[in-house]
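Visitor: I'd like to learn how to read a few features of a model like this one. Could you walk me through it?

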Amino acid sequence: MPLPLILGIAAGVTGIAGIGGGIRGAVKMKEASDIQKGAKLIHERSIEKFENSSKDTNSAMDKLGTTELEILKSFEKFSDLMEKVHNRPEFKKINSNGVSLPEFTPEELKDVSVGAGVLLGGIGGAAIGTAGGFAAAGATTAAVMALGTASTGTAIASLSGVAATNATLAALGGGALAAGGGGMALGTAVLGGATLGVGLLVGGLIFNAVGSKLSDKASEAGRQAMEEEEQVNRVCNYLNELKKAAKDYTKQLCSVKEVYDRRITEFDDLVNVQHKTDWNEYSSSEKLLVENTYMLVALLYRMCKVQLVLKSDNENEMNRINKAEIDSAMSDADKLLSAA
């Protein structure tokens, strides 16, 4: 076979092989591109789902925290009324309908009321999730800490607005639950739109892939996106459960507060309108009114003390919803409302 013909055939074969290799390369590039696009879509969907879930949960927790602080602040009125009643008995620990409630003094109520007022004055300008953080840690505990001393040595109650709230957050940070020892940080922001509150509510769960830049390598990007989606689904399920618990608890608190508001109005009329300030002159029904009001205060005080979120012992796991204590407090409220 003539040499030119042989060379021509060889060149043709080489050209065909080159075309085939180019096609395979193009297919691989197309596959890699599709994987990258799919990973990006999963990543964006995960972020959107997390942000929506965290927003809804923070909203429910903030409402609960604000409600609890408002209730605690209102105790000042009850404390003032009790101080005007002479010869009143020393109310002891309440045991009614199988429910045991803690005892307290008018002075303790006044302190927690002042502390709650300090926090309410600051949460308006604080980050989303701050009031929810107080509910997570127990609003009563937060209110008591608001009367403590800031790290600067300044009395927190002497501060105002966000400064007082931040000082209390810092104090809670070193406490039993509040921020897991994280001070004002309360937890690192996760994902682009995550808030201060979610860091606290979720706790120590480490998002290894969430919010990070996807790898330039298609196979690695796909793996990261799937891992991220799994983590986000887990966190969102938790947040949805917490949101439901917060809403249910807020509803029960408001039911008790509604009865308490009626009783405190009647008590106020008795003392400030009828000017009846001697316990010995009270009728049986009037004494029962005061006793029931005291019982409702004790119930609300106890309910506002419940920590909705319990810090996990394992820093690589999420915090836990305090279902046992939440259910117990709501059950006690049902039992006592009928007697109030």
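Guide: We'll take a helix pair, then a pocket, then some loop residues. Keep in mind that this is a predicted model.

Visitor: Let's start with the helices. How do H8 and H9 cross?

Guide: The general idea is that two packed helices are described by the angle between their axes and the distance between the axes. Here, the axes of H8 (residues 284–305) and H9 (residues 323–337) come within 10 Å, and they cross at roughly 170°. Angles over 145 degrees count as roughly antiparallel, so that is how H8 and H9 run relative to each other. As for handedness, H8 passes H9 in a left-handed crossing.

Visitor: Which residues make the contact between H8 and H9?

Guide: On the H8 side you'll find Met295, Leu296, Leu299, Arg302 and Met303. H9 brings Ser328, Ala329, Asp332, Ala333, Leu336 and Leu337. Sort the residues of this contact by type and you get eight nonpolar, one polar and two charged.

Visitor: On to pockets. What volume does the second largest pocket have?

Guide: The general idea first: rolling a probe the size of a water molecule over the atoms shows where empty space is left. In this model, the second largest pocket comes out at about 200 Å³. It is lined by 15 residues, and the closest to its centre are Glu90, Phe91, Phe104, Thr105 and Pro106.

Visitor: Which elements give two or more residues to that lining?

Guide: Those are helix H1 (3–84) and helix H2 (106–123). By type, the lining of the second largest pocket splits into eight nonpolar, two polar and five charged residues.

Visitor: And the loops? Where is Asn87 found?

Guide: Look in the loop between H1 and strand E1 (94–96). Check the backbone there: Asn87 has a positive phi of about 60°, although it is not a glycine.

Visitor: What is Asn87 in contact with, leaving aside its neighbours within four places in sequence?

Guide: Asp278, Trp279 and Asn280. Take Asp278: it lies 191 residues from Asn87 in sequence, yet their C-alpha atoms are 6.3 Å apart in space.

Visitor: What is the phi of His275?

Guide: His275 has a positive phi too, of about 55°, and it is not a glycine either. You'll find His275 in the loop between helix H7 (218–273) and H8.

Notes: Residues numbered from 1 in each chain as written. Predicted model: local features only at pLDDT ≥ 70, side-chain atom pairs only at ≥ 80, totals over all residues. Heavy atoms only, no water. Axes fitted to C-alpha atoms, helices over the stretch in contact; angles between N-to-C directions. Helix = DSSP H or I, 4+ residues; strand = E, 2+ residues; numbered from the N terminus. Parallel < 35°, antiparallel > 145°, perpendicular 65-115°, else oblique. Left-handed = near helix turned anticlockwise from the far one by under 90°. Contact = heavy atoms within 4.5 Å. Nonpolar A, V, L, I, M, F, W, Y, C, P; charged D, E, K, R; others polar. 1 Å grid on protein atoms, 1.4 Å probe; cavity = no way out; pocket = protein on both sides within 12 Å on 5 of 7 lines; lining within 4 Å. Points joined across faces, edges and corners; volume = space filled by probe spheres on them.
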